[in-house]
Amino acid sequence: MSQLRVRFAPSPTGYLHIGGARTALFNYLLARKEKGCFVLRIEDTDVARSTQESVDAILQAMSWLGLSCDEGPYYQSERFDLYRSKVEQLLASGAAYRCYCTPEELEAKRKLAEQEKRKPKYDGTCRDRQDVPADRPYVVRFRAPQEGATTFNDRIKGAITFQHAELDDLIVQRTDGTPTYNFVVVIDDAEMGINLVIRGDDHINNTPRQILLYQALGYEVPEFAHVPMILGSDQKRLSKRHGATSVMAYRDLGYLPEAMVNYLVRLGWSYGDEEIFSMEDLVEKFSLDNVGRSAGVFNPEKLLWLNAHYIKTGDPQRLGELLRDYLAALEVNCDNGPPLSEVVKTLQERCKTMVEMAEQAACYYRSEVEFDPKATAKFLTEAQQPVFAATLEQLAGLEDWQEGAIEEALGKVMESTGLKFGKIAQPLRVALTGGTVSPSICLVMAVMGKEMALARIERAAGMLA
């Protein structure tokens with residue numbers, strides 16, 4: 001049995017869409033499981049819309065997700081000579097012909113077909129044309145069979161049949177000499193030895209045309225597996241109206257790559273009742289046999305739940321390094337202050353995204369607290385003067401600046417003031433963080449360090465006068 005060779009072939013006309021990322025993931029996982037080859041090809045034949053910025057965005061997203069390719073990236077724009085030679089091959093064999101019909105003539109044919117309730121496909125005017133006008137632009141069309149049918153066995157959807165009478169004479173080369181998508185994808189997949197094409201099921205209608213091209217060019221036809229689409233909650237194709245659809249937009253929103261990978265694979269694939277999968281688990285367990293035939297519905301709440309899980313169980317050291325960029329986005333310099341990994345430990349249980357963690361971690365590194373007005377009005381009042389005075393007295397002489405020792409010191413504040421812990425902790429929380437929500441106040445002070453903690457309490461105490 002020959003080695004499995006699969007590919008991911010995005011067009012660089014924008015960001016990497018979630019649907020494209022899932023297709024890439026399925027290809028990657030199967031290649032890794034079966035020790036095959038995962039090829040990355042950039043389909044940039046649309047020169048007008050393809051940009052280097054989009055290429056970079058796609059490569060960045062692939063890297064972020066951990067989807068490394070074994071070959072590539074290859075670029076279609078570097079293979080035009082090959083495509084032109086294959087056009088000439090089809091013309092020479094009679095499998096293709098030049099079509100001189102003008103856009104106006106084609107539009108007239110389309111309207112007539114609609115009036116006559118016929119399928120608006122090309123009527124074959126130039127199929128058997130013998131003259132070759134030297135001064136007229138032309139496209140090259142593939143001479144599709146007009147009788148019979150093409151059947152292929154889809155690895156996900158089963159046997160699919162298309163009647164040739166339904167197919168058009170596909171344009172393989174435009175008037176400007178550039179090749180078309182359905183033509184070049186066949187050549188590239190064949191020349192690169194791709195023997196299983198895993199792609200979205202919006203390509204199913206292209207498949208019979210491509211199979212006929214494989215055969216006309218003398219190539220072996222690969223297997224196909226068409227993955228169901230991803231829909232929004234309204235059962236319509238996922239788009240910007242449903243929220244972010246770019247992979248990297250989710251990184252910017254504070255999602256971890258392992259959460260995105262775990263979520264994407266479950267949009268259409270299952271393994272019993274399991275929900276949590278590491279990349280290693282997926283390589284071991286992934287199979288096209290467990291890919292469903294129906295569309296997956298994108299559920300932002302489920303993705304957020306997974307992200308919270310991976311933050312909660314993540315390595316604090318790694319999360320700390322990731323947190324650095326999110327703090328930088330808030331213009332917070334974390335070079336001075338407590339170790340990021342220690343800050344992460346105080347917030348892992350509480351935060352669902354890295355953005356949320358950065359917002360809560362900022363207080364550990366800002367030179368001055370940014371006070372919430374409502375919290376200040378409620379908790380930083382003259383009535384709190386005894387609390388702050390007693391707290392500063394107990395903490396100032398504390399040499400063992402650890403969470404347990406701080407907790408004991410606050411216990412003494414409770415004894416001297418006759419107040420319950422909540423009445424002491426909340427004003428201190430506002431003094432230290434600027435708001436009313438934080439991890440344990442004793443833990444916050446321990447991580448913050450004695451110097452910063454006391455300076456912030458003294459500042460808040462000064463505001464009460």
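These notebook entries record what I looked up in the structure.

**Entry 1: the model**

I noted that this is a predicted model, in which local features need pLDDT of at least 70 and side-chain atom pairs count only at pLDDT 80 or more, while totals for chains, interfaces and linings use all residues. Residues are numbered from 1 along each chain as its sequence is written, and side-chain values use heavy atoms, with hydrogens and water left out.

**Entry 2: overall form**

I looked up the secondary structure and found 19 helices and twelve strands in the protein. Helices (H or I, at least four residues) and strands (E, at least two) are DSSP runs, numbered from the N terminus.

I then looked up the radius of gyration, which is taken over C-alpha atoms. The value is 31 Å, well over the 23 Å that the globule rule gives for 465 residues, so the protein is more spread out than a compact globule. The globule rule is 2.2 Å times the number of residues to the power 0.38. Along the principal axes, the C-alpha atoms fill a box of roughly 105 × 50 × 40 Å.

**Entry 3: burial, contacts and surface**

I recorded that 50% of the 465 residues count as buried. Buried means under 20% relative accessible area, exposed over 50%, and partly exposed in between (1.4 Å probe, protein chains only).

For contacts (heavy atoms within 4.5 Å), I took the pairs of residues at least 6 apart in sequence; 76% of these contacts join residues at least 24 apart.

The accessible surface, from the Shrake-Rupley method with a 1.4 Å probe, comes to about 22,500 Å², and 48% of it belongs to carbon and sulfur atoms.

**Entry 4: aromatic pairs**

How many aromatic pairs does the structure hold? I found eleven. Rings of Phe, Tyr and Trp (its six-membered ring) pair if their centres lie within 6.5 Å; planes under 30 degrees apart count as stacked, over 60 as edge-to-face and the rest as tilted.

I examined the pair of Phe152 and Phe224, which is edge-to-face, at 5.9 Å centre to centre and 65° between the planes. Phe152 lies in strand β6 (residues 149–154) and Phe224 in strand β10 (residues 223–227), so the pair ties together parts that are 72 residues apart in sequence. Phe152 counts as buried at 7% relative accessibility, and Phe224 counts as buried at 2%.

I next examined Tyr250 and Phe298, whose ring centres are 6.1 Å apart with planes at 55°, so this pair is tilted. Tyr250 is in helix α7 (residues 247–252) and Phe298 is in the loop between β12 (296–297) and α10 (300–312); the pair thus links distant parts of the chain, 48 residues apart. Both Tyr250 and Phe298 are buried.

I also noted one aromatic cluster, formed by Phe26, Trp269, Tyr271, Phe277 and Phe286.

**Entry 5: backbone details**

Which residues does a cis peptide bond join? I found Gly72 and Pro73, with omega about 5°. Pro73 is placed in strand β3 (residues 71–75).

I looked up positive phi values outside glycine. Lys117 has a phi of about 60° and lies in the loop between α4 (103–115) and β5 (139–142). At 77% relative accessibility, Lys117 counts as exposed. Gln235 has a positive phi near 70° and lies in the loop between β11 (230–231) and α7. At 51% relative accessibility, Gln235 counts as exposed.
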